[in-house]
Amino acid sequence: MWLALDVGWGTILAIKTIVVLAIIPLGAIILGYTFLLKMMAHMQSRLGPMDPGGFHGWFQLFGDGIKFIQKEDVMPAKADRRIFAIAPAVVVISTFLVFLVLPTGPDLVVSNLDVGVFYALAVSSLAVVGVLMAGWASANKFALLGALRAGAQLIAYELPLLLAVVGVVVMAGTMSLQGIVKAQQTGSIFGWDGIGLPYVFPQIIGFVLFLVAAQAELTQTPFDMPVAESELVAGYMVEYTGFRFLFFFIGEFGTAFAFAGLAATLFLGGWAVPHITDTGWENVLGPIVLLTKVMLVAFLMFWVRFTYPRLREDQLQAVAWKFLIPIGLANILITGALKVAF
Amino acid sequence: MSVDFAVDRQAWRHLADAQVNVELDTGDMILNLGPQHPATHGTLRLVVRLDGERVISADPVIGYMHRGYEKLTEFRTYPQVTTLINRIDWLSSFANEVPFMHGAELLMGIEAPPRAQYIRTILTELSRIATFMLFLGEMGLQVGALTPPFYGFRDREHVLNMIEAATGGRFHPNFNRIGGLKDDLPWGWVNECRNTMKVVLDACNMLEELVAENEIFEARTRSIGIIPPEVGTGYGVSGSNLRASGVDWDLRRDGKPYLVYPELDFKVWTHPDGDSFSRYWVRLQETREAARMVVQMLDRIPSGPIMAKVPRIIKVPEGEVWVETENPLGQMAYYVISKGATGPFRVKIRSASFSNVSILPWLLRGVYVPDVITVLASLYFILGDIDR
Amino acid sequence: MPKLPKKPKAPGLIGGLGVTFKTMLRGAVTVQYPHEREDPPPRARGVIALKEENCTVCMLCARQCPDWCIYIEGHKEKRPPRREGGRERTVSLLDRFDIDYALCMYCGICVEVCPFDALFWSPEYEYSESNIADLLHDKEKLGEWMETVHEPEPLEVGAETGKK
């Protein structure tokens, strides 16, 4: 253990990495508890967990985590051992990489890349590789079919995700996430700069497109055919038990947190509150503000998840290719034209 | 969206060209939608041959829940048989007792007093509402929505409470006796029932808004599992499934008169398409219609005795009778042979779901795998009804 | 011509969201058992209680039970005659009256056929055991259930009272 007073860049990097690694399961648990356990319950006229931990069952997910950790590690006999073990890690790693560029304050970002948006979207599609690895290595025909479906779905919905974001980039003029936050904070709506210019107003189509595509990227209803093949089996995750399944679960909700964070940053203004600059408190206020906005976006995503039935695989692909992509392209066209005109 | 709302009645003939597994070339695969499955209402086994995503053939294997009812009834007296046949279709259990008791009363030449007939009809319609509320919620679940079943169960509780207040049992009332009913209604039941019907109508509206008007639900259920009327009647499909194919046939109105249906004013709902959506829609409308019928009857219950004059030890005279009724699941019939003893000599039970399920091999050819689930959910069979 | 459902417009999706949102605000209907309890109606068939002094060991209930879950044993005793010089009376007394609730169907035939009103329904339902053999309730336990039996309730308007 080093307690060097002269803190070098390596130490700072290590601290930041550890913080991000801690935030992923924490964010997953917060989202999971609030939305999956409690909000879903209240939408269904019931209460959700109430006993674990005493107060409205806050300990439920921690207890689930402990339960999963102590389970036996079962691997199918014919499975490809190394790939089987690595696949959940790939999914979590891709989430981790997205968090690296998500700013939570003026200085609270692990790496303020100039191509932050590009990097975030590129890296989030690594999860597809993880899913395919999981399906292939399970030595199970159903897992393979589920993984192929998931792969097709995830790749198809990458495009609407990108196209939705291009409008924001055009308006902000930069791909760096900190830059986009600053542009929203200092912008103005037709000359009135009371609340800055959160891009949700001019880019409402892009916002809706982003949310729909994110819903599909997370394989949530109405796009959860790969997973709720629990009409038959559990899709690509069928052979995963115990700790490895916990990884997938954390990966899923962590990615939900990451996508909600991206949506909040790109469309709702991120960690910034307009007119509060240079007070010295933004590094404390920033995470709180971002968390609030993330919960708002996640509320929308989970609300849709609990209300709609699921689309069949071919209908899902039709929605992506024939409906969302043309809308995204039209959005870019209009944004570009208006940006040049004004 | 590429979904066309105009229903193509020949849609089942068009096989799509898209091949999912061009490189993989998996060949035929046999899939067991095994006896334990979340999508079948109980222990139905469906052996399905798949070519990639498409079903080539489907064979239902039944009998996992066979309890030997027809043999059991040979050794029991009439009240004891009532307790057994409650459990054939356990979701609408009062409706199972009615044809049997009616048959026994026909053999004896007794008629139950009018008050008893009214209460019997009210309880039958309440069971219809109870089972359809479950269907409306649970079909949403089979296509993937997580919240409709909770609404269905929540509002069904009120109906079950009404049945429990009158009969003592939520699921197995065991209330019919030869000649009438066991007890009269408790005080305040009629008003409570009126309030419950209001709750039921609200729930129907809510479920319609949440499920039936949802575009995704329509995309999943329209043109799926179309039953042409001739094929349906050929296989013996009955009840709401047949009415959803446009056949205007309801035993409450068209069959031999039983209970108080001849005096009631009700509408028989049909739908011209024969697909899964129309089956859902028809049952939704029938639930509302049943609620209206109950309110009608509550306004008109006559006073009087609840039981006709029957001897202490009931011996039904010799004879045979065939009674068929419109149960929630379809047409249910009993063929009772009596040889003058305290119990029946032989009872043959014609249950609705047995015939409804027989259409599955024909219906499931060429559909996608998720559509198999949709079709099973929309046909709405109960395993106890299939296997008895 | 049957009424066809009207072609839905986009609000169908929005309406569904509205339904779940309103339900979320309306609160849960859960009754948190065992902290709270719901009381079943007085007629609910929870458990059968035995009034031993009324029982004459006629065995009707045991015979009529579809499951044959009632086990009765009795013996006869002599009692002094009512008047001087009369015949001695015999009374039947219960030795054993067990109901096996592991088999019982809760159909109520035994309660109904008893000619001497010795059996009663009670809506009590919390008697589950960890050992299945403990579900055989003997005479004493069935007598204890008598305390939970409700008074017969008034009948609905229009019913004929006083008839069986």
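Strands here are DSSP runs of E at least two residues long, numbered from the N terminus, and two of them pair if DSSP finds at least two bridges between them. With that in hand, a hairpin joins strand 6 of chain B to strand 7 of chain B through two residues. This is a predicted model, so to speak plainly about its rules: local features need pLDDT of at least 70, side-chain atom pairs count only at pLDDT 80 or more, and totals for chains, interfaces and linings use all residues. Residues are numbered from 1 along each chain as its sequence is written, chains are lettered from A in the order in which they are written, and side-chain values use heavy atoms, leaving out hydrogens and water.

**The hairpin in chain B**
- Thr325(B) has Met332(B) in strand 7 as its bridge partner.

**Where chain C meets chain A**
- Chain C puts in 14 residues and chain A 13, with contact meaning heavy atoms within 4.5 Å.
- About 1,200 Å² is buried between chain C and chain A, 68% of it on carbon and sulfur atoms; buried area is the accessible area (1.4 Å probe) lost on putting the two parts together, summed over both.
- Of the area chain C buries here, 40% comes from Leu17(C), Thr20(C) and Met24(C), more than from any other three residues.

**Confidence in chain B**
- The average pLDDT (the predictor's confidence in each residue, from 0 to 100) is 84 for chain B, and 92% of the residues score at least 70.
- Residues 1-24 of chain B stay under 50.

Terms used. Helix = DSSP H or I, 4+ residues; strand = E, 2+ residues; numbered from the N terminus.
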